[in-house]
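Subject: Structure handover

Hello,

Here is the structure you asked for. Please open it first, then read my notes below.

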Amino acid sequence: MTNTILRALLSYWWRSPLQLFTFLMGLALATGLWSGVQAINSEARTSYDAAAATLGEGQFDQLVPRVGDQISQSVYIDLRRAGWLVSPILDVTFKGVRFVGIDPLTTPTQMSFSSDSGFSLEDTDLIFGNAEVASLLEGFVEVTIDKSIPPGIAIADIGVVQRLFKRSDLSRLMIIPEQPIRRPDLVEIAPDLVVQPSQQIADVAALTDSFHLNLTAFGFLSFAVGLFIVHSTIGLAFEQRRGMIRTLRSLGVPLSKLLALVIVEMGLLVLVGAILGIVMGYTIAAMLLPDVAATVEGLYGARVSGTLSLRLEWWLSGIGLAFLGAGMALAVRIWQIMQMPLLSAVQPRAWAIASAKRIRGIAILGMIFLGFSGLLALIGTGLGQAFALIGFLLIGSALVLPWLTIKLLDFAPGKGVVTSWFWADTRQQMPGLSLALIALLLAVSANIGVSTMVSSFRVTFVSFLDQRLAPELFVRVEEEKTASALEKYLLERELEVLPLLTVERPVVGQPAKLYGVRVGRTYRESWQFLGADPDVWDQVSKGEAVIVNEQLARRNNLWVSDEVDIAPGLNLPIAAVVGDYGNPQGQVVMGELLFRKLYPNAVATSFGIRTTDTVNLRKAIQADLKVPDSGIINQASIKSMSLEVFERTFAVTAALNILTLGVAGFAMLMSLLTLAGMRTPQLAPIWALGLTRTRLGVLELARALGLSLIVFICAVPLGLALAWALLNVVNVEAFGWQLPMFFFPADYAFLGGLAILATLIAAAWPAIQMVQKPPAALLKVFSNER
Amino acid sequence: MLLELKDITKSFSGVDGDVEVLRGVSLGLDAGETLALTGESGSGKSTILHISAGLEVPDGGSLHLEGVEINGLGEAERANLRRSEVGIVFQQFNLIPSLTVEANIGFQASLAGRRDKTFESELVEALGLKDQLKKYPELLSGGQQQRVAIARALAVRPKLLLADEPTGNLDESTASAVLTAMLDLVGRTGAALMVVTHSAALAEKMDRRVRLKGGVLL
C-alpha cells in the first residue's frame, strides 16, 4: 500500500515538471542565499580565528614602541636579562604579504607553531604560507604551502625574516603570561616601550562582526523571500492535489498513513532542494568571497582567504533551515488536510479566500510592529536594537500591505461593467497574492534602502576625497635628508607644502593615529566638520586644541570641547569632529608645531603639494631631487583608486540586491501560476459572457502591472525609512559613521521599472496560458464543477 | 444480509440551522443483489450511499456490512474496510489525473494488496479500454473516464459496489453501454450493487428499486 500511495503522490510531480522545478528552485534559492552568506561569514571568521591562534593577536599583552614601529634587538636582550619573559616578533609587509618572524624557542606554548606538513620552525629555515601567498611570492622566495596559515601571512623563524629583509630590529615583543614574581619596572629597562594590553589590540572579530551581521541580515531576508516561493509552491501542490487526496481517502487510504507519506514525499523533495541550494550557495559564496575579502580588508584591514572550503556546519545549517522553512509551510497544509471533510467538494479557491476581518487583524498587528519600530528609533541603543528596529519596520510593513492594497484598490478608476468586475476580482485575489506582493515589497524596499545608503555613502565619500585629497601632487621619499631637501625646494618655489607627520599611539585606551598638519589655506578651505568651534584652525594651529575623527568621537562618546589624551600627561580639548570614511581607526589631528614638540623623532617623508602645474613640477622634482617616478602620485590617480576600492567594497551588497529582486520575481511567478490554475472557474463564465481569451489575458497582465505599481508606491517610503535607519542608526552603531542621506529619484524609478518588468515577466506566463487555453478547457468548468 | 442499515438518521448544518436529511432509514442488501435508489434532488440518496461506504458517519441508527458494525469503527478501520470490501463509482469519476488509465484501474486493488492483472485485463476488455491503457485521464472522454472508474472499483473484487449517478454525465447510448458492461461484471464477480440514480431506465434494470422522499423511504 505504501508504494502505491507514494507512487500516486509522486506521479503528480512527474506530470507537472514545471512545478517540480519551481518547488526545487524556490527551496534551492532560499537555502542557497542563506548558506552562501553563512559560508562567507564562516570562512571569514575562520580566517580571523586562524590569525588569532597562529599569531597570538588579541590573546597576549605586547610591548610596542611609543613612537614608530621598531624595537632594537638590544632592548629585547636587556628585557630578557632583567627577567622579562617576552618573545620577539618581526613584522614586514612585502608584496601585500605580511611576513611574521617568530622565535620558536620563546613563543608562548598556546601559539607554538608546527606546520601541518610536520615541520617545526625550530629546525627549519623554511617559510610557511598558504597557496595564495606562495603564488604571490613566487620568484622572490620559496614558500612551503601550509593550509593552516592564515591568509596573507608568511611565517618563518625570526632569523630567516631578518636575513631576508636585511633587518636587525624587532617590531613587537609578546609578553608570556607566566612571568616571574619579581621583575623590574618596564620604564627602568625600556622606557621607549609601552604595554599594549591584549584587549586593546584591534579586535578584528569584534570590528568585523557588524559587517557579518549585515550579511547575515541579507541572508535572512533572501531566505524569507525564498520561503515565499516554497510556501506558494507547496500551496499550489496541495491545491492541485486536493482532489487526489480526497480520492485516495475515499478509496480507503487511512488519513494517518496519507499524512505520513505526504511528509516523507515532501521531506525527500526538500532534501533534494536543500542540497541543490547548498551547491548554489557554495557557488554564490565562491563568486562573492573575493569581493567580501576586499570589503573586509578595505574597511577593517583584516585578511580573509579568497578561497572557500566546504564545511559540514553550513551543510547542516542550510539543510536544517530548508526543513524548518518548508516544515512551516507544510504544517499549514497538513492541518488543512486533517480538517478537510472527506466528501468536501473540490473548491481550490477556498484557502485563498480569507475574510476581510483576518486581513484587517493582520494589518493591526503590522501597525503595532511599526509602532515598536518607531519607538526603537527614538529610544533604542546598540546594534541589536538597530536591527530590531529594521526587523519591526519590514515585518510591520509587510503585514500592513494586503490591507493597504485593498484600500488603495477602492480608489481604482474606471467605469463600466468589465472594469468593475476587474477591480472586484483583483480585490478578491488579494489573499492569494499577498505573500508574493509582500516578497516583492521586501525585495524592492531593501533595494531602495540599501542603494540609497550606498549612493549616499558614495556622494559623501567623493566629497570626503575632495577634502582629504585637496593637494594636486603627493610626493613620498625614503630618507630624512631627501625629505628636508624636498621641503626646502618646494618652499623656495613659493608652493604650499603640506607635510604628513604621523605616529601611532593609543588614545582613550584605543589604537589611534596622530597627525601633525601645517594649518594653512588648504585645510581652512577644504575641510568640513560634523561639529566644530568657530575658530577650529586657529586653535589647532596654536596647539590649543585638536580635531578627532567621527569614529573616535562616537565610540568614546566624545564631541566638541571634550578632552582627549594625545601624549603622556597631555590632554587637549576637541575643537572639531571630522567625517572619516572607510577607516575603522581613531584619528587625532593637531598642529604641526605641537606635533613636532611632542614627537620630535617623527619625520615627514610624505608631502602634499598645491600646484597648478602638476606635469612640470613632477618633472622638475624628478630631475632636480632624483625622486623616482613611483614616489610621486597625482591626486586624480589616488581618487580613482579610492573610488575603485569603494565600488568593490559594495559589490557584494549590489549582487545580493539583484539576487533578492530575482527571487521576489520568482515568488510572484509562482503565486500567479498558482492562482491561474485555480481561476479557470472564475474566468470561464466571463469568457462565456463575451470577453475573449486574449482580453482576459491582457486583463491579467494589467492586474499584475497595477498591483506591482501599488507595491512599488509602498516600497519607496519603506525603502527610504530603511535607508534612514541604516544611515543614522545601524552605521553609527556598526561603523561609527553617521552619513547624510541623499535621494536618488532616477535610481528609484529605474528600480521600479525593474520590479514592474519582473512582475510582467512573471505574469506573462499565466496570461499566455489563458490566451491559449482551449475553449474545451473552459467549457469543462460548466460540465464538471458541482 | 451483506449490508444492513437500521433507523439511520443524518443532519447537516445549513444557513437556517440543521437540516435533517435522513429520518430513520432502514434498508438491506443481499450479496449479488442490485438496488436502485431514486428520489428527488436533496432527498438523501447520496447520503445513504456515502454512509454505506463508511465515508459519512450517521447521527443515529446502525450500519452493518457483513455483520460488522461500521459505526463503531475508527477512521483507519473504516478506510481498511472501504479499500478491501467496497468499490465506489463517483459521478465525477475521481480518477487520479497524474496516473495512467492502467495505473488507475489497478490502484485500489494495489492498495488492498490483491492486484490481479489477469482480472484487470478481463475488465479492460469488457469495458473497451484496451487502447486507452497508457493514456492519462484528461485525454479520455467522459464515458471512457466513467468506464475506467468502474474498472477500478471492480478490480478490487468488492463485495459491495456503490455507484453515484454512474451514467449521469453520459449520453444515452454511452450510458446504456456502460450500464450493460457494469451489470455484466457485477454478475460475474458476485458483488452487490447499490446505484443512486435519477434515470428511470437505469433503475428498471436493477433487481429492486427504492424511492426516497424527504429523508424517508417510501
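Start with a loop residue. Asn557(A) counts as exposed, because it has 8 C-beta neighbours inside 10 Å, and the cut-off for exposed is 12 or fewer. Asn557(A) lies in the loop between helix H17 (550–555) and strand E14 (563–567) of chain A. Its phi is positive, about 55°, although Asn557(A) is not a glycine.

Lys166(A) is another residue to look at. Its phi is positive too, about 50°, and Lys166(A) is not a glycine either. You will find Lys166(A) in the loop between helix H5 (158–164) and strand E7 (172–175) of chain A. Lys166(A) counts as exposed because it has 6 C-beta neighbours inside 10 Å.

Keep in mind that this is a predicted model. The average pLDDT of chain A is 78, and 78% of the residues score at least 70. Over residues 199–207 of chain A, the pLDDT is below 50. Beyond near neighbours in sequence, that stretch has 18 contacts in the model. Residues 345–354 of chain A also stay under 50. For those residues the model has 15 contacts beyond four places in sequence.

Chain A overall

Chain A has 786 residues, and 42% of them are buried. It contains 25 helices and 18 strands. Take the contacts in chain A with a separation of 6 or more: 82% of them are between residues 24 or more positions apart.

One example of a pair separated in sequence involves Ile364(A). Ile364(A) sits in helix H11 (residues 356–379) of chain A. Ile364(A) and Leu399(A) are 35 residues apart in sequence, and their C-alpha atoms are 8.3 Å apart in space.

The cores

The largest nonpolar core has 169 residues. Leu27(A), Leu441(A), Val444(A) and Ala151(B) have the most contacts inside this core. Which element gives the largest share of the core? Helix H13 (residues 417–468) of chain A does, with 19 residues. At least three residues of the core come from each of domain 1 (1–54 + 207–346) and domain 3 (354–457 + 649–786) of chain A.

Look at Leu27(A) in more detail. Leaving aside neighbours within four places in sequence, Leu27(A) is in contact with Val230(A), Val270(A), Gly273(A), Ala274(A), Gly277(A), Ala322(A) and Ala326(A). There is also a second, separate core, of 42 residues. Val540(A), Val564(A), Leu594(A) and Phe607(A) are among its members.

Strands in chain A

Phe607(A) turns up again here. In strand E17 (residues 606–610) of chain A, Phe607(A) is the bridge partner of Pro499(A). Strand E10 (residues 496–507) of chain A pairs with E17(A) in the antiparallel sense, over five bridges. E10(A) is also joined to strand E11 (residues 510–517) of chain A by seven bridges, and these two run antiparallel. Within that pairing, Glu504(A) has Lys513(A) in E11(A) as its bridge partner. The hairpin of E10(A) and E11(A) has two residues between the strands, and Val508(A) there takes a positive phi near 50°.

Where the chains meet

The contact takes 20 residues from chain A and 20 residues from chain B. On the chain A side, helix H1 (2–15), helix H8 (242–250) and helix H9 (255–300) each supply at least two residues. H1(A) gives the largest share, six residues. By class, the side of chain A that touches chain B has eleven nonpolar, eight polar and one charged residues.

The sheet in chain B

Six strands of chain B form an open sheet with mixed pairing, in the order E6-E7-E8-E3-E9-E10. Which strands stand at the edges? They are strand E6 (86–89) and strand E10 (216–217) of chain B. Each has a single partner strand, so one side of each is left without a neighbour in the sheet. Strand E3 (residues 34–39) and strand E8 (residues 192–196) of chain B run parallel and are joined by four bridges. Leu37(B) of this chain stands opposite Val196(B) in E8(B).

Best wishes

Notes:
Residues numbered from 1 in each chain as written. Chains lettered and ligands numbered in written order. Predicted model: local features only at pLDDT ≥ 70, side-chain atom pairs only at ≥ 80, totals over all residues. Core = buried A, V, L, I, M, F, W, Y, C linked by C-beta atoms within 7 Å. Buried ≥ 20, exposed ≤ 12 C-beta atoms within 10 Å, placed from the backbone. Domains from an automatic or database assignment. Contact = placed C-beta atoms within 7 Å. Nonpolar A, V, L, I, M, F, W, Y, C, P; charged D, E, K, R; others polar. Pairing = 2+ DSSP bridges. pLDDT = per-residue confidence, 0-100.
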